[in-house]
Amino acid sequence: MAENRHHDAHTHGAAELNIVIENDTVLIEFESPAVNLIGFEHKPRTDAQQLELQKALALLNDVEIIVSFEKGECRVTETHIRGPFDNADQEEPEHGKREEHSEFHATYSLSCQDASVIGSVSTRLFDHFPGFEAIRVRWVGSKGQGSALLNNQSTIFSIE
């Protein structure tokens with residue numbers, strides 16, 4: 001999973017979720033436009049917007065909101081969340097200039113007792129962030145590889 005990879009297209013309502021299962025390690029990468037998570041793409045300008053940002057960051061720190069496994073006991077060993085406003089040196093664009101697209105990027109490493117039993121995976125992102133319309137999932141592991149398109153009616157996929 002490339003740390004500096006960018007979306008081909010920044011699409012509001014859409015996000016990407018990549019899962020790699022190697023031996024008993026699970027690597028998860030999640031990328032989403034900021035608007036899906038916090039409702040805006042500029043630096044927070046009000047207390048309410050700052051609260052939305054903090055709420056989103058707290059939820060992203062809970063890997064079980066991103067993915068949970070029907071089988072397989074896994075524990076998080078590493079979490080990295082990069083928000084669009086992490087760099088305090090970023091300046092707001094001058095009046096009249098188009099704003100940059102802002103994105104969240106989160107990576108998680110999990111250590112599992114037996115990752116080979118993982119078969120069904122679900123997400124609770126749609127429950128917590130109404131800005132999502134679709135999440136493209138790509139996965140690869142010892143059972144092969146595949147993809148799924150999730151929405152608020154379909155939040156579970158199989159990696160068997």
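These legends walk through several close-up views of one predicted protein model. Residues are numbered from 1 along each chain as its sequence is written, and side-chain values use heavy atoms, without hydrogens or water. Because the model is predicted, local features need pLDDT of at least 70 and side-chain atom pairs count only at pLDDT 80 or more, while totals for chains, interfaces and linings use all residues.

View 1. Helices (H or I, at least four residues) and strands (E, at least two) are DSSP runs, numbered from the N terminus. Of its 160 residues, 40% are buried; here buried means under 20% relative accessible area, exposed over 50%, and partly exposed in between (1.4 Å probe, protein chains only). A contact means heavy atoms within 4.5 Å. Among contacts between residues at least 6 apart in sequence, 69% join residues at least 24 apart. The accessible surface comes to about 9200 Å², and 45% of that belongs to carbon and sulfur atoms. Such areas come from the Shrake-Rupley method with a 1.4 Å probe, and for residues only the protein chains shown count as cover.

**View 2. Ring pairs link Phe30, Phe126, Phe129 and Phe132 into a cluster.** Rings of Phe, Tyr and Trp (its six-membered ring) pair if their centres lie within 6.5 Å; planes under 30 degrees apart count as stacked, over 60 as edge-to-face and the rest as tilted. By this rule there are 3 aromatic pairs. In one of them, Phe30 and Phe132 have ring centres 6.1 Å apart and planes at 65 degrees, so this pair is edge-to-face. The two partners come from distant parts of the chain, 102 residues apart: Phe30 sits in strand E2 (residues 25–33), and Phe132 in the loop between helix H4 (125–128) and strand E7 (134–141). Phe126 and Phe132 also form an edge-to-face pair, because their centres are 6.1 Å apart and their planes at 70 degrees. Phe30 is buried, as are Phe126, with a relative accessible area of 10%, and Phe132, with 5%.

**View 3. Three strands make an open sheet in the order E3-E6-E9, with antiparallel pairing.** Two strands pair if DSSP finds at least two bridges between them. Strand E3 (68–69) and strand E9 (156–158) stand at the edges with a single partner strand each, so one side of each has no neighbour in the sheet. Between E3 and strand E6 (residues 120–122), which run antiparallel, there are 2 bridges. Look for Ser68 opposite Ser122 in E6. Ser122 is buried, with a relative accessible area of 19%. Leaving aside residues up to four places away in sequence, Ser122 touches Ile66, Val67, Ser68, Thr155 and Ile156.

**View 4. Cys74 and Cys112 form a disulfide, with sulfur atoms 2.0 Å apart.** A disulfide is counted when two cysteine sulfur atoms lie within 2.5 Å, and the structure holds 1. Cys74 lies in strand E4 (residues 74–82) and Cys112 in strand E5 (residues 103–112), so the pair ties together parts that are 38 residues apart in sequence. The torsion about the S-S bond of Cys74 and Cys112 is about 105 degrees, so the disulfide is right-handed. Cys74 is partly exposed, with a relative accessible area of 26%, whereas Cys112 counts as buried at 7%.
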